[in-house]
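Welcome! Take a moment to look over the sequence and the 3D view below before reading on.

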Amino acid sequence: MKNEKIPYKIYLNENEMPNAWYNLRADMKQKPAPLLNPGTLEPMKAEELAGVFCEELIRQELDNDTAYFEIPEEIRNFYKMYRPSPLVRAYCLEEKLDTPAHIYYKFEGNNTSGSHKLNSAIAQAYYAKKQGLKGVTTETGAGQWGTALSMACSYFGLDCRVYMVKCSYEQKPFRREVMRTYGASVTPSPSTETEVGRKILAEHPNTTGSLGCAISEAVEKAVSSDGYRYVLGSVLNQVLLHQSVIGLETKAALDKYGVKPDIIIGCAGGGSNLGGLIAPFMGEKLRGEADYRIVAVEPASCPSFTRGVYAYDFCDTGMVCPLSKMYTLGSGFIPSANHAGGLRYHGMSSTLSELYHQGLMEAVSVKQTEVFEAAEYFARIEGILPAPESSHAIRAAIDEAVRCKETKEEKTIVFGLTGTGYFDMVAYEKFHNGEMNDSIPTDEELAVYRSQLPRVE
């Protein structure tokens with residue numbers, strides 16, 4: 001089975017690292033729907049976003065036509081500390097599964113943040129510094145984004161204020177301490193620090209929090225603090241743009257050995273990893289140059305693609321952010337306290353939502369216990385302890401490889417291994433002790449939040 005021409009790890013050299021981010025929207029004939037002002041229901045203008053986001057990031061967010069954005073030299077130099085990241089041929093996993101499939105994974109966990117999030121964090125911190133800001137505010141689910149942003153802000157000498165989803169704050173104390181080590185302040189959300197946090201606590205005193213709650217608090221803190229702006233680790237167009245380095249490197253490495261993937265798989269919470277991984281492949285698909293099967297994998301406890309509706313909704317629980325047209329469960333939906341904190345978001349990237357709506361990609365949802373079964377299996381065979389979020393993609397990749405065995409098809413599968421799970425040992429402990437459950441919302445529960453969606457004609 002082993003092809004000696006292809007090494008276990010494919011590395012690109014520094015000169016092969018991308019010098020520009022790829023904007024997938026430029027090749028979309030049907031563009032993502034614009035952000036709307038919740039008061040006027042008119043498309044948001046740059047000046048309306050200026051009090052929340054950095055100026056250059058707003059330009060990237062609203063530009064649907066520029067195909068490539070040059071990566072500033074200072075960001076490229078930072079990238080060189082951990083990029084290009086390896087593309088790994090999972091020979092051991094293939095052998096163990098006895099599958100004719102060829103399996104590759106793009107490993108983004110080889111930096112201190114432990115995930116792909118640093119790719120956008122350093123870019124957003126760079127533009128904040130360039131604008132002369134004092135600091136930034138943000139939210140974080142599992143903690144990878146907060147960790148990455150705290151590192152980036154430390155590098156540029158910026159203050160960093162993080163609102164961490166309460167259940168993750170309690171489940172992942174060491175992730176919290178890494179953020180504090182890099183100088184960030186970390187607050188469990190919802191908190192009593194903000195007006196929206198106090199309102200949410202009054203209505204739901206025992207809530208475990210959600211990314212939607214934490215976003216509301218971080219935005220409120222940014223707009224009420226002089227010299228601060230809000231930055232986000234997923235969902236937004238600007239984030240998918242920065243994360244395109246993942247897909248660009250993946251495609252360059254595969255092209256180096258003449259490999260064309262049949263199936264590309266990524267975990268999906270807000271869309272940063274998935275959007276970045278699939279970007280150049282989807283671009284070829286949109287231009288009619290090649291075809292790929294692209295699969296988004298989400299938790300059954302927070303199934304925005306597979307059970308959500310395509311509609312305009314608030315990006316946050318406190319309803320202080322613009323309206324985005326996306327697959328959503330409703331901004332009031334607070335998912336169960338599962339251990340894949342980075343995927344506990346009620347909606348999905350507007351870009352990915354539009355692509356999904358057009359039938360250009362597909363989605364599956366998987367149960368938490370099945371995810372951790374795959375995570376443990378992968379760790380024992382490939383030697384990397386994966387993050388719970390990444391393990392959703394592992395689950396789907398294993399399932400596809402098993403199907404290849406059953407149908408005797410020699411397909412090439414590529415998935416994104418977004419990061420490591422060394423700060424997720426409470427989750428692994430729950431799994432090993434048989435204390436992990438599969439919480440799946442009922443149709444009746446989802447109908448309640450669906451009925452609360454804003455009316456946009």
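Let's begin with tyrosine 310, which is buried because its relative accessible area is 16% (buried means under 20% relative accessible area, exposed over 50%, partly exposed in between, with a 1.4 Å probe and protein chains only). This is a predicted model, in which local features need pLDDT of at least 70, side-chain atom pairs count only at pLDDT 80 or more, and totals for chains, interfaces and linings use all residues. Residues are numbered from 1 along each chain as its sequence is written, and side-chain values use heavy atoms, with hydrogens and water left out.

**Aromatic rings**
- There are 20 aromatic pairs in the structure (rings of Phe, Tyr and Trp, the last by its six-membered ring, pair if their centres lie within 6.5 Å; planes under 30 degrees apart count as stacked, over 60 as edge-to-face and the rest as tilted).
- Tyrosine 126 and tyrosine 127 make an edge-to-face pair, because their planes stand at 70 degrees, with ring centres 5.1 Å apart.
- Tyrosine 126 is buried at 12% relative accessibility, and tyrosine 127 is buried at 7%.
- Tyrosine 310 and tyrosine 327 are stacked, with 4.9 Å from centre to centre and 15 degrees between the planes.
- Tyrosine 310 belongs to strand 12 (residues 309-314) and tyrosine 327 to strand 13 (residues 323-328), so their pair ties together parts that are 17 residues apart in sequence (helices, H or I with at least four residues, and strands, E with at least two, are DSSP runs numbered from the N terminus).
- One aromatic cluster is formed by Phe78, Tyr79, Tyr82, Tyr126, Tyr127, Tyr155 and Phe156.

**Helix 2**
- In helix 2 (residues 55-62), the buried residues are Leu57, Ile58, Gln60 and Glu61.
- Viewed down the helix axis, these buried residues fall within an arc of 165 degrees, so they line one face of helix 2 (the arc is that of the directions from the helix axis to the C-beta atoms).
- An α-helix has 3.6 residues a turn, so residues three or four places apart point the same way.

**Loops and backbone**
- Arginine 83 and proline 84 are joined by a cis peptide bond with omega about -5 degrees; proline 84 is in the loop between helix 3 (73-79) and strand 4 (87-89).
- Another cis peptide bond runs from serine 189 to proline 190, with omega near 5 degrees.
- Valine 235 has a positive phi, near 70 degrees, although valine 235 is a residue other than glycine, and at 9% relative accessibility valine 235 counts as buried.
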